[in-house]
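Open the structure in a viewer that can select single residues and ligands. The tour below goes from stop to stop.

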Amino acid sequence: MYRSAGALGPSTSAPSLPARASVPSARQCARRASVCTRASASTAPGDIRSNAVLRARAEGTFRAEYVPFADIASGTVGKETYSLDDVVYRAMDGGLLDVKHDFEALAKYDAKYWKTLFDGRVGTARWPHGSGVWSKKEWVLPQISDDDIVSMFEGNSNLFWAERFGRQIGMSDLWVKQCGNSHTGSFKDLGMTVLVSQVNRLSKLRPESVQAVGCASTGDTSAALSAYCAAAGIPSIVFLPADKISLAQLVQPIANGALVLSIDTDFDGCMRLIQEVTAASPIYLANSMNSLRLEGQKTAAIEILQQFDWEVPDWLIIPGGNLGNVYAFYKGFKLARDLGLTDRLPRLVVAQARNANPLYRAYRDGWGTFAPVKAQTTFASAIQIGDPVSVHRAILALEACDGIVEEASEEELMDAAARADLTGMFNCPHTGVALAALLKLRERGVIAPSDRTVVVSTAHGLKFTQSKTAYHAAEIQGLSSRYANPPVTVREDLGSVMDAIRTKFAKL
Ligand SMILES: Cc1ncc(COP(=O)(O)O)c(C=O)c1O
Ligand SMILES: N[C@@H](CCOP(=O)(O)O)C(=O)O
């Protein structure tokens with residue numbers, strides 16, 4: 001679990017933390033960012049936060065910029081770079097961009113320094129470092145002023161020790177990273193705080209270039225975008241495939257005041273349209289094709305390392321759709337390794353629904369040529385994506401860590417979610433896909449009993465009550481609903497109630 005800064009100790013001298021009473025509230029700090037900075041910079045020498053401010057000023061701030069993803073993939077240092085203040089989503093060759101950090105500047109600080117700095121920020125109400133994303137600000141978006149940040153203190157999600165489920169499948173070290181325990185109920189908050197913060201900055205720097213923010217969505221991206229935009233007073237526009245997202249997801253952008261366009265197409269059609277619209281108007285693109293999003297999402301990887309006292313898990317299993325998140329996790333684990341905080345990468349597993357499995361097909365065929373598919377209906381509706389934008393990012397990540405791609409049928413994903421629910425979880429169908437992949441890899445002996453394994457739960461189960469209710473009512477055609485636990489209707493009399501109890505619990 002999290003270690004306090006004091007317990008770990010800095011590389012030089014022990015950090016002297018400011019007394020709690022002197023810590024300004026987030027709101028005060030947001031309003032008086034310069035005062036806060038001065039205040040912390042004037043605390044005792046040896047305070048690592050003060051030192052970070054002072055050293056960053058003395059040596060030039062940490063920096064990040066956009067470079068073509070192709071340069072990252074080929075390991076070349078090209079001349080094509082863009083400021084993060086540019087409104088640009090693709091490189092000149094049409095490929096995606098990536099956020100590249102000034103590694104030399106980060107590497108001036110040793111591993112112990114970074115661990116102590118990050119651990120010392122966990123769970124505080126200090127602006128903005130109390131956020132699980134902004135606690136790693138130097139690795140995320142170093143140049144943004146604290147005053148421009150739009151945050152809901154996202155991140156810091158719990159790791160669920162799946163003790164009972166693990167025992168059932170012969171595992172002793174199984175964990176579920178609950179990224180759905182978040183403001184809008186999915187991991188998208190981690191990326192959206194970064195993207196909307198940058199938009200907030202741009203809207204002050206060049207108001208004419210960004211007048212609204214838009215996305216295509218299967219439900220979770222739109223929920224996060226509309227919430228963060230509403231918090232910042234920025235207009236948002238969401239493109240949703242008509243009748244293909246859950247009711248709980250649909251109501252989120254409606255409630256947050258977004259312009260909600262329900263379009264008679266699938267997600268891939270919405271994604272094509274939003275790219276055209278954002279290319280032709282001052283509407284900023286908020287999908288994970290925009291690499292700013294991934295900078296926030298990568299902090300979940302660093303958070304997992306912190307939660308394990310900086311030990312690297314053996315496996316991380318993640319449901320994949322548009323495929324930005326697997327690359328984000330890879331970036332987080334890689335930066336921690338490259339800066340010496342850890343010594344290896346975990347093996348990543350992308351889990352796809354069989355009805356929307358283009359990456360699985362490419363993996364099965366030995367990474368020959370990638371071919372998009374027409375995604376079919378799946379209960380894992382948020383990953384019903386046939387032409388993932390980040391496919392090349394995902395392949396790079398998987399190849400770098402000896403990764404695996406698995407698939408799950410509708411029955412396998414619903415059964416896996418329901419079976420794990422019986423041990424105390426409440427899984428969304430996408431987490432069900434990841435759990436089904438885990439079961440397969442365990443059965444084949446690929447994942448060993450003692451391997452430390454993290455399943456990433458990407459959304460809250462409460463967003464998907466329709467399909468979960470239908471499962472327990474055994475109403476889904478073609479599914480046996482093996483783990484169904486339907487409610488029992490009884491008359492208002494003691495005998496009927498006791499009969500129902502004894503039918504379920506023989507000993508009573
Ligand atoms: C709940 C949920 N799980 C998983 C994913 C897959 O993430 P990615 O598109 O980054 O692969 C998404 C979105 O696509 C999602 O909304
Ligand atoms: N599941 C996503 C699909 C879009 O993914 P993105 O990460 O590229 O925005 C959603 O919830 O919309």
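Select Asn322 together with ligand 2: a polar side-chain atom of Asn322 lies 2.8 Å from an oxygen atom of ligand 2. Such a pair is a polar contact, that is, two N or O atoms within 3.5 Å; within protein, one must be able to donate a hydrogen and the other to accept it, and residues adjacent in sequence count only if both atoms are side-chain atoms. On its own ligand 2 exposes 340 Å², and the protein buries 95% of that (accessible areas by the Shrake-Rupley method with a 1.4 Å probe; for residues, only the protein chains shown count as cover).

A word on the model: it is predicted, local features need pLDDT of at least 70, side-chain atom pairs count only at pLDDT 80 or more, and totals for chains, interfaces and linings use all residues. Residues are numbered from 1 along each chain as its sequence is written, chains are lettered from A and ligands numbered from 1 in the order in which they are written, and side-chain values use heavy atoms, with hydrogens and water left out.

Stay with ligand 2 and show its surroundings. There are 13 residues around ligand 2, and the closest include Ser217, Thr218 and Arg293 (a residue is near if one of its heavy atoms lies within 4 Å). Next pick Ser288, where a polar side-chain atom is 2.6 Å from an oxygen atom of ligand 2. At Asp220 the backbone takes part: one of its N or O atoms lies 2.8 Å from an oxygen atom of the ligand. Coloured by class, the shell has three nonpolar, seven polar and three charged residues (Ala, Val, Leu, Ile, Met, Phe, Trp, Tyr, Cys and Pro count as nonpolar, Asp, Glu, Lys and Arg as charged, the others, Gly among them, as polar).

Now move to ligand 1. Which residues are closest to ligand 1? They are Asp220, Gly321, Asn322, Leu323 and Thr458, out of 15 that surround it. Select Thr458 to find a polar side-chain atom 2.7 Å from a nitrogen atom of ligand 1. A polar backbone atom of Leu323 is 2.8 Å from an oxygen atom of ligand 1, and one of Ala382 is 3.4 Å from an oxygen atom of ligand 1. Of the 380 Å² of accessible area that ligand 1 has on its own, the protein covers 98%. The shell of ligand 1 divides into six nonpolar, seven polar and two charged residues.

For the last stop, select Gln307 and Lys177, whose side chains are joined by a polar contact of 3.0 Å.
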